[in-house]
Amino acid sequence: MDTDAVVRRFRQERQILATLNSPFIARLFDGGTTSEGLPFFVMEYIDGEPLFEYAERERLDLASR
């Protein structure tokens with residue numbers, strides 16, 4: 001996270017997340033840069049099963065995943 005390109009990409013993704021509005025996507029509450037210059041997101045916590053665990057349990061093939 002220490003190159004200009006990575007930080008720039010992180011900011012672009014933060015802007016994209018801020019515009020998304022779907023019940024299937026965790027909401028972005030905040031984002032910024034720490035005092036050390038590292039970018040961060042503050043996102044909604046979604047209680048539930050991790051997607052990869054669900055996919056494994058359901059034995060989903062690649063197309064279904």
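Arginine 11 is partly exposed, with a relative accessible area of 42%, where buried means under 20% relative accessible area, exposed over 50% and partly exposed in between, for a 1.4 Å probe and protein chains only. The model is a predicted one, in which local features need pLDDT of at least 70 and side-chain atom pairs count only at pLDDT 80 or more, while totals for chains, interfaces and linings use all residues. Residues are numbered from 1 along each chain as its sequence is written, and side-chain values use heavy atoms, with hydrogens and water left out.

Arginine 11 lies in helix H1; helices (H or I, at least four residues) and strands (E, at least two) are DSSP runs, numbered from the N terminus. The C-alpha atom of arginine 11 is separated by 8.6 Å from that of glycine 31, a residue 20 positions away along the chain. Helix H1 covers residues 4-19, and its 16 residues reach 23 Å from the first C-alpha to the last, close to the 22 Å expected at 1.5 Å a residue, the expected span being 1.5 Å times one less than the number of residues.

Which residues of H1 are buried? Val7, Phe10, Arg14 and Leu17 are buried in H1, and they lie on the same side of the helix because they cover an arc of only 80° around the axis, the arc being that of the directions from the helix axis to the C-beta atoms. On the other side of H1, Asp4, Arg8, Arg9, Ile16 and Thr19 are exposed. The buried residues of H1 pack against strand S1 (28-33) and strand S2 (39-43), with contact meaning heavy atoms within 4.5 Å.

The structure holds one aromatic pair. It is formed by phenylalanine 10 and phenylalanine 41, which are stacked at 4.2 Å centre to centre with 20° between the planes; this pair links distant parts of the chain, since phenylalanine 10 is in helix H1 and phenylalanine 41 in strand S2, 31 residues apart. Rings of Phe, Tyr and Trp (its six-membered ring) pair if their centres lie within 6.5 Å, and planes under 30 degrees apart count as stacked, over 60 as edge-to-face and the rest as tilted.

Methionine 43 is found in strand S2, and, leaving aside neighbours within four places in sequence, methionine 43 is in contact with Leu17, Ala26, Arg27, Leu28 and Phe29.

| Residue | Relative accessible area | Class |
|---|---|---|
| Valine 7 | 14% | buried |
| Phenylalanine 10 | 13% | buried |
| Phenylalanine 41 | 27% | partly exposed |
| Methionine 43 | 34% | partly exposed |

## The chain as a whole

The secondary structure of the protein chain comes to two helices and two strands, and from the N terminus on the elements run α-β-β-α. Along the principal axes, the C-alpha atoms fill a box of roughly 45 × 25 × 20 Å. The radius of gyration is 15 Å, whereas a compact globule of 65 residues would have one near 11 Å; the radius is taken over C-alpha atoms, and the globule rule is 2.2 Å times the number of residues to the power 0.38.

Buried residues make up 12% of the 65 residues in the protein chain. Of the contacts with a separation of 6 or more, 22% are between residues 24 or more positions apart. The accessible surface comes to about 5700 Å², of which 54% belongs to carbon and sulfur atoms, as given by the Shrake-Rupley method with a 1.4 Å probe, where for residues only the protein chains shown count as cover.

## A residue after helix H2

Arginine 59 lies in the segment after helix H2 (51-57) and is exposed, with a relative accessible area of 75%. Arginine 59 has a positive phi of about 55° although it is not a glycine. Most residues other than glycine have a negative phi.
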